[in-house]
Amino acid sequence: MASLFAMKRKGATELKTSVMKRHLSDSFKSLRRNGWMTVAAVSAVTVTLLLVGIVLAMIFNVNRVSQQVENDVQVRVAVNRNVSQAKKDTLQKQLKSLPDVTQVKYRSRSQELNGIISGYGKQWQMFRGDDNPLNDVFLVKTSSAHATMSVAKHAEKLANVSEASYGGKTARKLFRYVNTLRNWGLAFTIMLLLVAVFLISNTIRITILSRSAEIGVMRLVGATNWYIRWPFLLEGAWTGLLGAVVPVVVVDLGYNFVYHSMNMAQVGNGYSLYPQLPFLFWMDVLLAGIGVVIGAVGAVVSMRRFLKV
Amino acid sequence: MISMENVSKQYENGVTGIADVNLTIKQGEFVYVVGPSGAGKSTFIKMLYHQLTPTTGDIKFNDYDYATMKNKDIPYLRREMGVVFQDFKLLPRLTVFENVAYAMQVVEKEDAEIHDRVLEVLKEVGLEHKIRRFPSELSGGEQQRVAIARAIANKPSVLIADEPTGNLDPDTSDGIMDILEAVNRQNTTIIMATHNRDVVDSRPHRVLEVASGQFVRDEEEGSYGVED
């Protein structure tokens, strides 16, 4: 008998194409029939997704830049003046063998000066040659920003080192800001999404109320809860998808604009935003996906009361 | 096919719906449930189609044991029952054809099968010429016939009718009773709660009489008996 039940249920719950077609056309009909309510729900999703899109694009790029900064953090080990090449080679080997060190690069003092000249102007050319007050340096990269401090401390104790400085403190401050920004951004996003689910479920609740007699009859003649849910769930999903259209367009256009103006300013710094493609493609997919999910969830949430036995 | 053992229903406000019911109804029987308003007829009917659950006792219907079955099986239980109400419960924005087809769509039948079966049952209730009308364009008797057509569309083994003639004049009620008896002749069990003395007395079947939540009489070929 148990297998008889199982068979019966299986036959009935398999989603047939004809049934799905019926649900689809029902959901479209319902969108049309609800007219202004649909417009209201779609607008709610639009506003939410617009804010979510902007916040997410910001969070993703702040993350990217902070990662680039993190990769850039290094220890500058200045070498005493007039040290022989052999001693410099030894020092380089010693630096390489320190824990957490991933790369050691040598820059002579004239290379250092060239960097200053290209960055700050030609007046620095007067320090060329023997007037150059700079030291030769080793640029030491570490596996993480946190390791710069200990590497600098170790490096300072080595022979022929005049000074070891690290950008760790500033970097850590930056990471703290980035973390705060990311957490608040995410909290803000989640709050917005909850508000959207609430708005959608309220809108759909009104359309459900107007069809409660129909739901009563459906249950009476033996419709499963999922059969009753489908049209409403689809209606919610369409609402979410329609609500994503404007945010997708605005985020795409806005990001293009920001990308061009920001990247101009950042050229040469080594920092850059995500290139428009594939970033915007994935943002669009994400926004549409979020729209569909909050729409569907909103619908299912508002149906719960009507499906109690 | 239906059995009740020591079934009682007490509402949350302390009111007793029915108390300590024991009975068996066999496949193909025609049973009237009679008694004054508030006696417990509706409670009994609602428990049959699992709208209400008994406070104590157990109901069994075909392979279903109400005490142990899960909520998600209730839709499948209801597919083996047809239910008809005093107020018809038709969907006003659907035509006659669509109202009947609806019951079959809900249980996910194929379109071709739905089409044939709907025409067949509408013919059985004598409404094959009004398939494109809306409920508001029909008389009360015609609406009730649509409701019966919808209830039998999925070939249930039992048809439960709660005051099906309650809103209808005697002639129209007679027509409805003709249909219910015709359905019964096809071996579908009929359980009908009614107030209608004329109907019960003129078409004798088994009578269950309820008074103050108790089943006080169970009589084959009985009459209405009690005074309202």
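Helices in chains A and B

Of the 309 residues in chain A, 28% are buried. The model is a predicted one. Chain A contains ten helices and four strands, and along the sequence these follow the pattern α-α-α-β-α-β-α-β-α-β-α-α-α-α. Among contacts in chain A with a separation of 6 or more, 84% are between residues 24 or more positions apart.

One pair of helices in chain A shows such packing in detail. Two packed helices are described by the angle between their axes and the distance between the axes. Helix 3 of chain A covers residues 35-72 and helix 10 of chain A covers residues 276-303; they pack at an angle of about 140 degrees, and their axes are 11 Å apart. An angle over 145 degrees would count as roughly antiparallel, so helix 3 of chain A is oblique to helix 10 of chain A. The crossing of these two helices is right-handed.

Which residues meet in this contact? Helix 3 of chain A contributes A:Val45, A:Leu49, A:Val52, A:Gly53 and A:Ala57, while helix 10 of chain A contributes A:Met283, A:Leu287, A:Ile290, A:Gly291, A:Ile294 and A:Gly295. Eight of the contact residues are nonpolar, three are polar and none is charged.

In chain B, helix 3 spans residues 96-106. Ten of its eleven residues are buried, so helix 3 of chain B is largely enclosed by the rest of the structure. The buried residues include B:Val96, B:Phe97, B:Asn99, B:Tyr102, B:Gln105 and B:Val106. Just after helix 3 of chain B comes B:Glu108, with a positive phi of about 65 degrees.

How values were computed:
Residues are numbered from 1 along each chain as its sequence is written. Chains are lettered from A and ligands numbered from 1 in the order in which they are written. This is a predicted model: local features need pLDDT of at least 70, side-chain atom pairs count only at pLDDT 80 or more; totals for chains, interfaces and linings use all residues. Axes are lines fitted to C-alpha atoms, for helices over the stretch in contact, and angles run from 0 to 180 degrees between N-to-C directions. Angles under 35 degrees count as roughly parallel, over 145 as roughly antiparallel, 65 to 115 as roughly perpendicular and the rest as oblique. A crossing is left-handed if the near helix is turned anticlockwise from the far one by less than a right angle, and right-handed if clockwise. Two residues are in contact if their C-beta atoms, placed from the backbone, lie within 7 Å. Ala, Val, Leu, Ile, Met, Phe, Trp, Tyr, Cys and Pro count as nonpolar, Asp, Glu, Lys and Arg as charged, and the others, Gly among them, as polar. A residue is buried if 20 or more other C-beta atoms lie within 10 Å of its own, exposed if 12 or fewer, and partly exposed in between; C-beta atoms are placed from the backbone.
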